[in-house]
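Subject: Structure handover

Hello,

Here is the structure we talked about. Please open it alongside this email, and my notes follow below.

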Amino acid sequence: MKRHRNNVTSAETVSELDAIDATLAGAPVPAQHARLADLARELRASRRAPGQDFVATLDAKVAQGFAGAVAPTGGRRARVLMWTKPLRPMGVSPLSRPALAAALTALVAVAVAVPLAVSRGGHHPERVSGAAVGEAHSGGAKSAGPALAGPEEPALRGDEKAAGAGANAAAAPSSAAAAGSRRVERTATLDVGVAPGSIESTSQRVFTLASSVGGYVRQSNVSSGAPGQSGASFDVRIPSSSVSRAIAEFSQLGHVRSENDTTNDVTEQFNSLRDLLGTLQAERASLLRRLASASAPQQEAALKARVQYVQRRISQLQRELSGLRTRVDYTSLALTLTAETPPGAKQGNLTPGGAARAAGQILETALAVLVIGVAALFPLVAVALVAWLAIICSRRRLREQALDGS
Amino acid sequence: MAATLTLRLTAPRPAETAQQRLERLYRTSRDDVYAYVASMLRDQTLAEDVTALAFERAFRRRGLFDARRGSERAWLFGIARNAALDELRRRKRSAAAVLEQSARAGAESARDEAVLGRTVLRKAMGELSPRERELIALKFFAGLSNGEIARVLGLSESNVGTSLHRTITKLRKACDEEA
């Protein structure tokens with residue numbers, strides 16, 4: 001038998017311990033240790049042997065590999081085995097522990113990564129809409145509309161047509177008239193992101209959509225070519241009554257990057273121009289009457305000059321009114337098509353260097369997520385470890401106390 | 001120098017599976033485990049329960065055995081010891097009642113010299129502390145080596161040797177006084 005013989009253990013002690021080992025092994029011992037050998041044999045012989053029934057039962061259970069290990073005899077044995085049952089779910093198989101830990105780590109990482117991804121990737125188009133203001137203006141003007149419109153409105157239209165200005169205005173549906181007499185000027189901007197290769201085809205669709213809602217493209221600028229430089233911009237005029245539908249349809253062209261919708265109530269300006277135009281028309285009629293009855297050459301020349309001046313002012317006011325009516329009846333939509341590269345896949349720019357950079361970024365992100373996950377998990381693991389150690393130490397101490405108290 | 005050629009005529013022993021190794025351990029250690037547990041609990045039924053529980057735990061945890069940390073017997077007796085101590089904790093059994101039973105049983109058959117000697121021994125054992133009794137049980141009932149006992153109790157081997165010698169000396173003295 002191997003034994004560490006330190007300086008504390010005397011030779012006599014070692015000799016007696018060797019004699020005990022020899023006795024238990026059935027080997028002869030020196031005569032001086034005969035009594036010790038007798039004691040060792042007596043102790044060995046006094047040990048208790050298991051009962052035959054118990055041995056037979058246990059043999060059977062071992063032969064079955066303790067399958068469904070529940071004591072068949074019930075009683076205290078069953079209670080002892082039942083006592084261990086609640087511990088079994090805690091005693092996870094050693095092989096499954098790493099998988100359990102990995103699953104827990106992955107769960108924490110996902111819990112950390114998902115909010116991050118959402119906060120970074122969630123793109124909400126900038127949308128500033130003044131439509132509600134415009135509608136409020138239109139709706140709120142119904143009661144005041146007829147009084148402000150006045151009986152001169154047909155006469156004014158007749159004058160404008162006679163002046164030959166604003167041919168489009170004559171054909172355009174008058175949303176202002178439909179909404180009462182409030183004159184609301186509306187402008188909108190819409191930035192739509194489309195794939196770089198589909199700028200031209202999308203631009204064609206813009207023209208088609210504008211026509212379909214009764215509008216037209218006043219100005220357009222389409223650029224195609226090098227990646228990053230392609231794009232298109234349109235100044236589209238849309239009947240104000242169809243703006244919402246038109247914006248909805250234009251938004252379908254791609255990914256809405258931003259949208260802006262503003263309104264401006266120009267009723268006062270419109271009425272002021274109209275009143276001034278009426279005054280000037282009345283003055284012109286008066287001047288023409290006075291000119292017809294003028295006899296002195298000097299007076300006639302002064303009246304003619306005045307009539308010419310008034311006529312120029314009337315024409316100017318008619319143009320301003322026509323323009324204002326056009327802006328009221330037609331909303332100006334500044335539509336921009338921006339070439340937008342899908343995230344993570346730059347078309348036509350996939351080079352080994354770019355791929356390596358993208359892979360590096362992905363690994364960097366994954367590492368960051370891992371670090372965050374570990375950081376989040378570390379306190380939990382530390383607490384669990386301390387708790388586990390405390391439980392182990394406490395259980396050991398209680399066991400030793402149980403032995404001392406037995 | 002003449003070269004010596006040794007021929008291996010016997011086939012190498014196939015490696016045992018963990019299940020087979022544990023069944024062999026069971027066959028060689030069943031009575032020892034029972035004797036050790038019985039000496040700690042001093043109750044036959046409880047000893048049977050705990051012995052069965054110890055082997056069941058050993059079967060369940062057979063994958064955890066590490067030969068570098070000690071022998072299989074030391075590992076098995078560690079499990080049995082924990083199970084017995086847990087049972088002691090739970091049941092709060094006192095040794096006194098059982099000792100009285102043992103003493104009464106011994107007195108009834110005192111005419112038999114061997115039984116008389118065993119009764120004296122049991123009485124002497126009763127004067128030992130629980131830790132000393134456990135040491136005796138591990139050495140003489142379970143048949144563990146000092147190294148294995150050290151592994152089970154978490155002590156050094158030299159410490160086990162010293163404690164064991166001191167306990168035996170105390171036991172011999174108690175036996176002499178009883179006789």
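Where is the place of A:Val213 in chain A? A:Val213 sits in the loop between α12 and β3 (216–223). Please keep in mind that this is a predicted model.

**Around A:Val213**

A:Val213 is buried, because its relative accessible area is 5% and the cut-off for buried is under 20%. Leaving out residues up to four places away in sequence, A:Val213 touches A:Ile238, A:Pro239, A:Ser242, A:Arg245, A:Ala246 and A:Glu249. A:Ser241 is 28 residues from A:Val213 in sequence. In space, the two C-alpha atoms are 9.5 Å apart.

**The two chains**

Chain A has 16 helices and six strands. Its length is 406 residues, and 32% of them count as buried. Take the contacts in chain A between residues at least 6 apart in sequence: 74% of these join residues at least 24 apart.

Chain B has eight helices and zero strands. Along the sequence, the pattern of chain B reads α-α-α-α-α-α-α-α. Chain B has 179 residues, and buried residues make up 50% of them. For chain B, 68% of the contacts between residues at least 6 apart in sequence join residues at least 24 apart.

**Where α16(A) meets α6(B)**

Helix α16 (residues 352–404) of chain A packs against helix α6 (residues 130–141) of chain B. The angle is about 95 degrees, and the axes are 8 Å apart. That angle makes α16(A) roughly perpendicular to α6(B). From α16(A), the residues in the contact are A:Glu400, A:Leu403 and A:Asp404. From α6(B), they are B:Pro130, B:Arg131 and B:Glu134. By type, the contact of α16(A) with α6(B) has two nonpolar residues, four charged and no polar.

**Aromatic rings**

One pair is A:Phe54 with B:Tyr34. Their ring centres are 5.9 Å apart. The planes are at 40 degrees, so the pair is tilted. This pair crosses between chains. A:Phe54 is in helix α3 (residues 52–63) of chain A, and B:Tyr34 is in helix α1 (residues 18–41) of chain B. Are these residues buried or exposed? A:Phe54 is buried, with a relative accessible area of 3%. B:Tyr34 is buried too, at 2%.

A:Phe207 and A:Phe234 form an edge-to-face pair. The distance is 5.9 Å centre to centre, with 85 degrees between the planes. A:Phe207 lies in helix α12 (residues 199–212) of chain A, and A:Phe234 lies in strand β4 (residues 231–239) of chain A. The pair therefore ties together parts that are 27 residues apart in sequence. A:Phe207 is partly exposed, with a relative accessible area of 33%. A:Phe234 is buried, with 3%.

One arginine also belongs with the rings. A:Arg183 lies over the face of A:Phe270, at 4.0 Å from the ring centre.

**B:Arg42**

Please look at the backbone here. Most residues other than glycine have a negative phi. B:Arg42 has a positive phi, near 55 degrees. B:Arg42 lies in the loop between α1 and α2 (44–60) of chain B. B:Arg42 is buried, with a relative accessible area of 11%.

A:Ala19 is in helix α1 (residues 11–24) of chain A. A:Ala19 counts as buried, at 5% relative accessibility. Not counting residues up to four places away in sequence, A:Ala19 touches A:Val29, A:His33 and A:Leu36. A:Gln32 is 13 residues from A:Ala19 in sequence, and the C-alpha to C-alpha distance is 9.7 Å.

B:Thr167 is in helix α8 (residues 157–178) of chain B. At 2% relative accessibility, B:Thr167 counts as buried. Which residues is B:Thr167 in contact with, leaving aside its neighbours within four places in sequence? They are B:Leu128, B:Glu132, B:Leu135 and B:Ile136.

Best wishes

Definitions and conventions
Residues are numbered from 1 along each chain as its sequence is written. Chains are lettered from A and ligands numbered from 1 in the order in which they are written. This is a predicted model: local features need pLDDT of at least 70, side-chain atom pairs count only at pLDDT 80 or more; totals for chains, interfaces and linings use all residues. Side-chain values use heavy atoms; hydrogens and water are left out. Axes are lines fitted to C-alpha atoms, for helices over the stretch in contact, and angles run from 0 to 180 degrees between N-to-C directions. Helices (H or I, at least four residues) and strands (E, at least two) are DSSP runs, numbered from the N terminus. Angles under 35 degrees count as roughly parallel, over 145 as roughly antiparallel, 65 to 115 as roughly perpendicular and the rest as oblique. Contact means heavy atoms within 4.5 Å. Ala, Val, Leu, Ile, Met, Phe, Trp, Tyr, Cys and Pro count as nonpolar, Asp, Glu, Lys and Arg as charged, and the others, Gly among them, as polar. Rings of Phe, Tyr and Trp (its six-membered ring) pair if their centres lie within 6.5 Å; planes under 30 degrees apart count as stacked, over 60 as edge-to-face and the rest as tilted. Buried means under 20% relative accessible area, exposed over 50%, partly exposed in between (1.4 Å probe, protein chains only). A charge sits over a ring if NZ of Lys or CZ of Arg is within 6 Å of the ring centre and within 35 degrees of the ring normal.
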